[in-house]
Amino acid sequence: MLEVSQLAHGFDREPALWEISHLQWQGRSLVHLRGDNGSGKTTLLRLLAGLEVPRQGTIRWTLGNAAPLSPPCPGRVLYLHQQPYLFDTSVAGNLRYVARWHGWRREEARHRVAAMLEHCGLAAHAEQRARSLSGGERMRLALARAWLLSPRVLLLDEPTASLDRQAIADVCTLISSLHEAGCAIVLSAHQPSVLTERCDEYWCLEQRCLQVSAFKQGVAV
Amino acid sequence: MLQRRFPLLAALALTFLLASGAQAADIVRLATTTSTYNSGLLDYLLPKFEQDHPYQVQVIPVGTGKALRLGRDGDVDVVLTHAPGAEKAFVDAGYGVEPHGVMYNDFVIVGPADDPAGIEGGDDATRAFATLADEGATFISRGDDSGTEKKENHLWQDAGTTPDFEGYRSAGQGMGAVLNMASELQGYTLTDRGTWLAMKDKLDLEIMVEGDKALFNPYQVILVNPERHEGLNTQGARALAEWLISDEGQDLIDAFRLNDKVLFHASAGEKVDPSAAVQEND
Amino acid sequence: MRELMNTVGEALYLLVSFDPALWEIIGVSFRVSLTAIFAALPPSLLIALLLARVAFPGRWFAISLVNTFMAVPTVVVGLVLFMLLSRSGPLGEWQLLFTQRAMIMGQFLLAMPVLIAMLHSTLQSIDQRAWETARQLGAGWWSSLWLLIREARFGVIAAVLAAFGRIIAEVGSAVMIGGNIEHFTRTITTAIALETLKGKFAQGLALGLVLLLLALVLNVLLGVMRGRGHQTVSA
C-alpha cells in the first residue's frame with residue numbers, strides 16, 4: 001500500500017509543480033497517470049521510486065507484512081525511464097546482471113533468464129547486443145529485466161510514447177500479463193491508447209493537484 | 001603597416017647576417033671529457049684564449065668514447081681526451097692528427113666513510129679493486145665508455161678479475177651523476193680528482209685510495225684529420241692546440257686551482273710522475 | 001649515408017636476432033611501466049568517479065589541478081622524487097633511489113593525472129540512467145560503480161593506453177630516479193638518451209624503432225577504442 005501526505009516538489013527554487021495533500025493507494029490496480037506535458041508526471045513517478053528526494057511531505061510504501069518504508073525500495077518498487085537504459089552487453093547479459101546482483105546460483109540464474117526471455121518473446125535475440133534492438137524490443141527487454149525480480153510495483157514513464165502500433169500492442173500485452181501476475185502498475189501517458197484503455201484507475205495531474213478516480217472497464221474517458 | 005615594420009625586419013635580417021657570418025669563420029668545436037669541463041678548467045682557460053685569438057670555442061662535454069666518435073665523424077674540429085689506448089687507435093686509423101700531450105691529473109678511488117670493504121688508506125689501486133670484487137661491494141661504474149671507464153677496466157684486468165660481482169652497477173652516465181649515485185647507494189667508485197674536488201662537499205663519500213701510479217691520467221689534444229672531412233675549422237683547432245701547449249697555456253694550467261687545490265699539471269712534451277700530483281695537494 | 005644505412009641494418013639485426021642486452025632493456029621498460037599503470041588505475045578510477053559523479057565544493061578547482069599536473073614536466077616529478085628518496089631526504093630510509101620501485105613510483109605519479117583526466121571525461125559522459133537503473137534493480141553501491149566502469153570500458157581502455165604511452169616514452173624521471181643502471185634500471189628511453197653517448201647508435205636506433213612500433217600500435221588501438229567509445233555513448 002502507498003501512502004502519500006503533504007507531498008510537494010519542484011526544481012531548484014521554482015514554485016512547486018503540484019501539491020498532494022493526501023493519497024492512499026492499495027497497490028493492486030493498473031493506474032493511468034494523466035496530465036499535460038510539463039505537469040510533473042515524471043517527477044511524481046521518480047519521487048515514488050525514490051530517485052528524487054521530495055522538497056516536503058512523506059511517501060510510505062507498505063509492502064506485504066513489512067513495516068512502512070520510505071522509497072527507494074530496490075527490486076520491489078521499480079521505475080522505468082521513458083527510454084529505458086539498457087546495459088551495454090547482450091540481451092541475456094542485461095538479465096544476467098540482475099541475477100548476479102542478487103546472488104542467484106549459476107544454474108538457477110540460467111534457468112530463470114532463459115524462461116524470462118522466452119516469456120517476453122526475446123529468446124531469439126538472447127545473444128544480440130541489447131542496443132541493437134528496436135524500440136518495442138527495448139521496452140520489452142526492460143520489462144523482462146524488471147520482471148525477473150517479481151516487483152510489487154512498476155512505475156512506467158510513457159512506456160508507449162515513441163512506439164509504432166504493433167510495438168505498442170506487444171508492450172501492452174506484456175504489461176497486462178505482468179499486472180495479472182500480481183504486479184501493481186502506474187503508467188504515465190499523455191495520450192490515450194490501447195494500453196490506457198485497460199487501466200482501471202486514473203490519476204490526473206491538473207491545476208497543480210492530483211485527482212483520483214476509479215473507472216470500470218469500458219468506460220470512455 | 002608593412003612600411004612601419006620594415007626597419008624592424010631589416011634589423012632582424014642584419015642581425016642574422018652578422019650572427020651567421022661570425023659563426024661560419026670563427027667557431028672552434030671542441031669535444032672533451034666531462035672531467036675537464038666539470039672541474040671548471042675550460043671555463044678558466046678558454047676566455048683567455050678567445051681574448052687573444054679571433055676564435056670562439058664551443059665545448060661539447062661528453063665521455064671520451066663519444067668525443068672520439070664525434071671526431072671520427074667530423075662533427076667537431078678538435079678533441080681533448082684522456083684515454084691513451086683509444087687515442088692511439090684514433091690517430092693510427094687516420095681519424096686524428098697532431099696529437100700532443102697537454103697535462104695530466106689523477107684518479108682516486110672513493111667510497112663510503114664506514115668502508116665496508118676495508119680498502120681505505122691503501123696506495124695500491126689494483127689490490128683495492130681485487131678486494132672490492134672479492135667482497136662483492138657496491139661499485140658504481142661509469143659504464144659510458146669514457147676515459148674513466150677505460151681506466152677502470154684496466155684496473156679490473158690488472159686485478160685479475162671481471163666486473164660482474166654482486167654489487168657492480170654500470171650506470172652509463174657522467175662522472176657527476178655517478179658520484180651522486182655512489183653517495184646515495186653508499187658504494188665505491190673511481191673518479192678523476194677534478195670532479196671529486198668540485199663535488200665532494202655535496203657527497204657522503206671519502207677518498208679511499210690515491211697516489212698509485214696506476215691512477216695516472218694524461219690528457220692529449222688531437223686535431224680531427226682535415227683530409228677526411230670538409231668544412232672543419234682546422235686553423236682554429238690548431239691555434240687552440242698550439243696555445244694549450246705554449247708556455248702561456250701551460251703556465252695557466254699550472255696556475256688553475258679548484259678549492260685551493262692543484263688539479264692539472266701541465267706536461268707538454270715531458271714525462272710525468274703522477275704521484276707528484278698527490279704530494280702537492282697533501 | 002653508407003654509415004647511416006649500416007646503422008639501420010645493424011639495428012634491425014639486433015631486433016630480429018633477439019639480442020639479449022636489447023631485449024633485457026625492453027623487458028625492464030615494460031615491467032616498470034605496466035606495473036606503474038596497473039597500480040595507478042584503481043586510485044585514478046576512484047578519483048575520476050568522485051570528480052565526475054559527486055558534486056562537492058572545490059570540484060572545479062580539483063579538476064583544474066589534475067589538468068595542471070598533466071602539464072608538469074617529467075624531470076620535475078623526477079626531481080621531487082629524487083629529493084624525497086635521497087639519503088638526506090625524508091624517505092631516504094626506504095633506500096629506493098636507483099631501483100625499479102622508485103621508477104615505478106615516478107611513472108605512477110606521471111600516469112595518474114593522465115588517467116584521471118581521461119577517465120573523468122569518459123565517466124562524465126555516462127548516462128545518469130545507468131546508475132539509477134542499477135540501483136533500482138537492487139545493485140549495491142560497489143556493484144553499481146563497477147557497472148559504470150564496465151559501461152565506460154572503451155574509454156577506460158583508451159585512458160590506459162594513452163597513459164601507458166606517456167610513461168613508457170618518458171625519460172626525465174627515469175634517468176633521475178632510475179639512474180640507467182645496466183640490468184636493473186636501464187629502460188628503452190634512458191638507454192637511447194645515455195647509451196648513444198657511447199656511440200651505440202645501432203642499439204639506440206633499434207630501441208627507437210621499438211618505441212615507434214609501440215606508439216603505432218597504441219595509437220591504432222586508441223583510435224579503435226575511441227570509435228567504439230563514441231558508438232557506446234551515442235547509442
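Of the two pairs of chains in contact, chains B and C share the most contacts. Two residues count as in contact if their C-beta atoms, placed from the backbone, lie within 7 Å. Chain C contributes 15 residues to this interface, and chain B contributes 17 residues. The side of chain C that touches chain B comprises six nonpolar, four polar and five charged residues. Here Ala, Val, Leu, Ile, Met, Phe, Trp, Tyr, Cys and Pro are nonpolar; Asp, Glu, Lys and Arg are charged; the others, Gly among them, are polar. Chains A and B do not touch. Their nearest C-alpha atoms are 50 Å apart.

The model is predicted: local features need pLDDT of at least 70, side-chain atom pairs count only at pLDDT 80 or more, and totals for chains, interfaces and linings use all residues. Residues are numbered from 1 along each chain as its sequence is written, while chains are lettered from A and ligands numbered from 1 in the order in which they are written.

In chain A, three strands form an open sheet with antiparallel pairing, in the order E2-E1-E4. Strands (E, at least two residues) and helices (H or I, at least four) are DSSP runs, numbered from the N terminus. Strands pair if DSSP finds at least two bridges between them. Strand E2 (18-25) and strand E4 (56-61) of chain A stand at the edges. Each has a single partner strand, so one side of each is left without a neighbour in the sheet. From one strand to the next, the twist averages 15°. The angles run from 0 to 180 degrees between N-to-C directions, with axes as lines fitted to C-alpha atoms, for helices over the stretch in contact. Strand E1 (residues 2-9) of chain A pairs with E4(A) over five bridges, in the antiparallel sense. Val4(A) has Ile59(A) in E4(A) as its bridge partner.

Chain A also holds a cis peptide bond, from Pro71(A) to Pro72(A), with omega near 5°. Pro72(A) lies in the loop between E4 and strand E5 (77-80) of chain A.

Positive phi values occur at two asparagines. Asn259(B), a residue other than glycine, has phi near 50°. Its loop runs between strand E10 (257-258) and strand E11 (261-262) of chain B. Asn259(B) has 9 C-beta neighbours inside 10 Å and therefore counts as exposed. Asn180(C) has a positive phi of about 60°. This residue sits in the loop between helix H9 (172-178) and helix H10 (188-195) of chain C. Asn180(C) is buried, because 29 other C-beta atoms lie within 10 Å. Buried means 20 or more other C-beta atoms within 10 Å of the residue's own, exposed 12 or fewer, and partly exposed in between, with C-beta atoms placed from the backbone.
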